[in-house]
Amino acid sequence: MIAMKNLAAIILNCTSRCNLNCYYCAAKEFTDELDRNSIEKILNSTIELKTYYLMIAGGEPLLRSDIYDILDHANKLGLVIILMSNGTLINKYIAKKLKDIGVDAVRLTLDSTEEYKIDKIKGSGAYRKILMAINYLNHEGIGVNLNIPISYDNINEIEQFLNFAINNNIRTLRFSPIIKKDLNVEICEILLRQILVLHEKYNENISYIDYEPINELDEFYEVLGNLRCTGGRMLLNVNPDGSITKCPYVRRSLGNIKENELKEIWIKSYFNTKSSSICEVMKINLAVLLGNIVYNVKEVSIETIRKVVSAWYFMIKGKEEYCLRDLPLWYINLR
Ligand code: SF4
């Protein structure tokens, strides 16, 4: 008998509506909003499926009039709730409400550190509204994480993003190359190289989990190379039309919550998803990529490389499955 793991995380794209119109947004492919019944069905199945994380995304989830009821229900089920928002609607009352209702973290997207660039992508005044949202969330003690879509337009701003994060009490930065537009080996290589350089330069500001130094880099490459995509097995993504996919970036539908129970869709997906060590959307061998960078990066001392790689190793060791776009390699956690 095959032992099944739990469905550790669900991404719930509860609406396709948004008050902004970012050019890279995947929600634009949908015109629907998930009905409340379907959402309740999903939330109620999380107990049996032993789900731990619920990422509430959109469109802009805060546009739903019933969003606080949804969040409240999720909180009562004991889920760790991460709200993904564009931030422009968060005022001090909403920040307080999110805190009172038990939202654990808010993930905001930041395209640039420059006001005119953000306003060009998100509309006039967006930068200031995002800054205010960060202040309100900080005031309430809700952790703010930044999702940074990386393209050739902002690849030179990596250090500025880190400084922005340090100055604004951000907990985590997650860098992520934009799919279709600029997701290729070159941009991943530039990004990883810069992340390593920042580890050297901002060592004091960066938080590292307790780790023991590893002796051989090859140990890390081996663990990295053996990791399997988690999508469809420990992660499911629910779209605003009720269709379910292995992750937000793969469009192939595994079923629809309006027609089937989540558990049924998950079990079928679990057995049918061929787990792969290469991400279906990224199509990059990370172990090879990182190996090339580590051997060639001249600006970073061997001590820093050892420290960073050891910390990464401790975060992923023992895991067989991990989303390769969500690996600690792409994150910087701040003190
Ligand atoms: S590894 Fe790739 S395909 Fe798998 S869940 Fe992550 S982004 Fe999706």
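Author: The chain forms 11 helices and 10 strands. Here helices (H or I, at least four residues) and strands (E, at least two) are DSSP runs, numbered from the N terminus. This is a predicted model: local features need pLDDT of at least 70, side-chain atom pairs need 80 or more, and totals for chains, interfaces and linings use all residues. Residue numbers start from 1 along each chain as its sequence is written.

Now the core. The largest nonpolar core holds 84 residues. Such a core is a set of buried Ala, Val, Leu, Ile, Met, Phe, Trp, Tyr and Cys residues, joined through C-beta atoms within 7 Å. Buried means 20 or more other C-beta atoms within 10 Å of the residue's own, with C-beta atoms placed from the backbone. Leu12, Ile56, Leu137 and Leu173 touch the most other members. Helix α5, residues 126-140, gives the most to this core: 7 residues.

Take Leu12. Beyond its neighbours within four places in sequence, Leu12 contacts Ile42, Leu54, Met55, Ile56, Ala57 and Val238. A contact means C-beta atoms, placed from the backbone, within 7 Å. Across the chain, 36% of the 335 residues count as buried. Among contacts between residues at least 6 apart in sequence, 77% join residues at least 24 apart.

Last, the ligand. 15 residues surround the ligand, and the closest are Cys229, Gly231, Cys247, Cys279 and Cys323. A residue counts as near if its C-beta atom, placed from the backbone, lies within 6 Å.

Conventions: A residue is buried if 20 or more other C-beta atoms lie within 10 Å of its own, exposed if 12 or fewer, and partly exposed in between; C-beta atoms are placed from the backbone. Two residues are in contact if their C-beta atoms, placed from the backbone, lie within 7 Å.
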